[in-house]
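Visitor: I would like a close look at a single part of this model, namely its aromatic rings and the sheet and core that go with them. Could you take me through that part in one connected account?

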Amino acid sequence: MFPCPACQGDVELGERGLAGLFRNLTLERVVERYRQSVSVGGAILCQLCKPPPLEATKGCTECRATFCNECFKLFHPWGTQKAQHEPTLPTLSFRPKGLMCPDHKEEVTHYCKTCQRLVCQLCRVRRTHSGHKITPVLNAYQALKDKLTKSLTYILGNQDTVQTQICELEETVRHTEVSGQQAKEEVSQLVRGLGAVLEEKRASLLQAIEECQQERLARLSAQIQEHRSLLDGSGLVGYAQEVLKETDQPCFVQAAKQLHNRIARATEALQTFRPAASSSFRHCQLDVGREMKLLTELNFLRVPEAPVIDTQRTFAYDQIFLCWRLPPHSPPAWHYTIEFRRTDVPAQPGPTRWQRREEVRGTSALLENPDTGSVYVLRVRGCNKAGYGEYSEDVHLHTPPAPVLHFFLDGRWGASRERLAISKDQRAVRSVPGLPLLLAADRLLTGCHLSVDVVLGDVAVTQGRSYWACAVDPASYLVKVGVGLESKLQESFQGAPDVISPRYDPDSGHDSGAEDATVEASPPFAFLTIGMGKILLGAGASANAGLTGRDGPAASCTVPLPPRLGICLDYERGRVSFLDAVSFRGLLECPLDCSGPVCPAFCFIGGGAVQLQEPVGTKPERKVTIGGFAKLD
């Protein structure tokens, strides 16, 4: 192993060592030219002469030595193999005529682009370079020479820029030295401040210990004096002995009354002896574990790491909801900066311009009033006392192709309460037809006839373009999602028809599974048929979706059900488009009779469930207005 001179990375030479590497003949020529320029006028001496050596007149590449005339003849006698050596001019270094392959000792003739290595003819046919891009050395020489010449010409033509950048770097070095010195002084000052606080605290704690110690010593000293007075012939005992010698009874009673109380207290103290103060100072111990941990973890402030945008919760509907989080070990952020821009507008000259929203609290935000049918790119970065961190990865969001239509489900028309259950918020509906019908069929001993149940939206469209999205349960048996004339829908589905009845026409309007017969008048309905996690597309829809078979467009096919379906209604044009609401890929486009109010409709045959996409504006998140300030109601 040895360090690479270019990147300082470890290079493993292998068993052959340096013998497995190519000689850098170009560098040898540079060194030789330098030596010759240094030793101009110096003669090259014969390497085989006895001292004093004569000036060399010939050189031999095979022998790798310089000779005078006599030594050359002596070492290259006639009739031997050395006589075939071709003499050259005397030189200080001997190089082969060309680079030789270290594996096969043959001259290299090709260059392997895959391995970025010169190879010989034998290397070229070996299995090691099988399937690699190999080109003649001449082509590689010309290509690399052109690139090097072009790069060198650019550098030489921008010497002023190089000098300017050198000055800028030197200025940066000076600023770095000054800033580094300032940082050192600030750290030293802060550490000295910590030391001063610790010294002040130390003095305060020592003073408290000293006061406690003096108080205990005073109490113990007083107790010692009391006990010394109990010794024979001294203090209280001596006084009591003298009082007992008194024979005058009245005087004795007067003196002994107070003396007896003192003797009783001394006797009690002697019987229940206990030091007046403890010698232990355990209550003065310090618990500095937390402080030591804080000091050990004391480090420089770090900026927040690049946030990670939660792509599962980030989406665009009536507004853009952006959600993110910091990596697990990232320093906390005080607030965030959100930057966004449209990518589908012509680029302006100069640097890319981002719209910015500063000091966003929390880890989510609403971007209001986005342009419809656009692509936004968004990114986030955090900020704390140390400064701003790195930006998150860019996330691209498609906005709906038309303004979002807000509505609730209305089950008054064609909906059976026994089979349809509408949620309290009127944004979800589930069809549960199984148990009642199966019980009825068991009683009547007849087949179970499934019925069509329809749920309409509580709003009708009479102008402009509208868009809404919904999610269909993949386990649904058969669900039709679409739009239709309000009058025709109420007329057709007010009494739930029997789909088995021969008088029932399942495709009185247009849907994705209908026949592709050409009609002059636009149909009053437009439905997309979904069943068992698949979408059924007719021939025309298959062609529009780019689905083809071996013999051309497929007559009928199914595509997987996306997580959300989007419906875009163009009332003026009389067209309805069904989209993948995640990627906004078109699934089906069909005509619609818009001679009257048009409302959303959802049909169920068998079990199924539909959930309307909730408007982003109902989320209690921070609002950030695009293109202006948020207006309060």
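**Rings, sheet and core**

Guide: In this predicted model, the charged end of Lys58 sits over the ring of Phe72, at 5.8 Å from the ring centre. Phe72 also belongs to a cluster, in which ring pairs link it with Phe67 and Phe75. Another charge over a ring is found at Trp354, where Arg379 lies over the face at 4.0 Å from the ring centre.

The structure holds 8 aromatic pairs. One of them joins Tyr317 and Tyr467 in an edge-to-face arrangement, with 6.3 Å from centre to centre and 65 degrees between the planes. This pair links distant parts of the chain, since Tyr317 belongs to the loop between β10 (315-316) and β11 (320-325) while Tyr467 is in strand β22, 150 residues apart. Both Tyr317 and Tyr467 are buried. A further pair is formed by Phe525 and Phe527, whose ring centres are 6.1 Å apart and whose planes stand at 50 degrees, so this pair is classed as tilted. Phe525 has a relative accessibility of 4% and therefore counts as buried, and Phe527, at 4% relative accessibility, counts as buried too.

The strand that carries Tyr467, β22, is part of an open sheet of 7 strands with antiparallel pairing, in the order β19-β20-β34-β22-β30-β31-β32. Because β19 (420-422) and β32 (586-591) stand at the edges with a single partner strand each, one side of each is left without a neighbour in the sheet. Direction ignored, neighbouring strands of this sheet are turned against each other by 20 degrees on average. Within the sheet, β22 (residues 465-472) and β34 (residues 608-612) pair in the antiparallel sense over 3 bridges, and Leu612 in β34 is the bridge partner of Cys470.

Tyr467 returns in the largest nonpolar core, which has 52 residues and in which Tyr467, Trp468, Ile535, Leu565 and Phe602 have the most contacts. Strand β22 gives the most to this core, with 5 residues. Domain 3 (308-399) and domain 4 (409-496 + 522-541 + 556-612) both give residues to this core, so it lies between them. A second, separate core of 17 residues includes Ala316, Leu322, Leu367 and Tyr376.

Notes: Residues are numbered from 1 along each chain as its sequence is written. This is a predicted model: local features need pLDDT of at least 70, side-chain atom pairs count only at pLDDT 80 or more; totals for chains, interfaces and linings use all residues. Side-chain values use heavy atoms; hydrogens and water are left out. Two strands pair if DSSP finds at least two bridges between them. Helices (H or I, at least four residues) and strands (E, at least two) are DSSP runs, numbered from the N terminus. Axes are lines fitted to C-alpha atoms, for helices over the stretch in contact, and angles run from 0 to 180 degrees between N-to-C directions. Rings of Phe, Tyr and Trp (its six-membered ring) pair if their centres lie within 6.5 Å; planes under 30 degrees apart count as stacked, over 60 as edge-to-face and the rest as tilted. Buried means under 20% relative accessible area, exposed over 50%, partly exposed in between (1.4 Å probe, protein chains only). A charge sits over a ring if NZ of Lys or CZ of Arg is within 6 Å of the ring centre and within 35 degrees of the ring normal. A nonpolar core is a set of buried Ala, Val, Leu, Ile, Met, Phe, Trp, Tyr and Cys residues joined through side-chain atoms within 4.5 Å. Domain bounds come from an automatic or database domain assignment.
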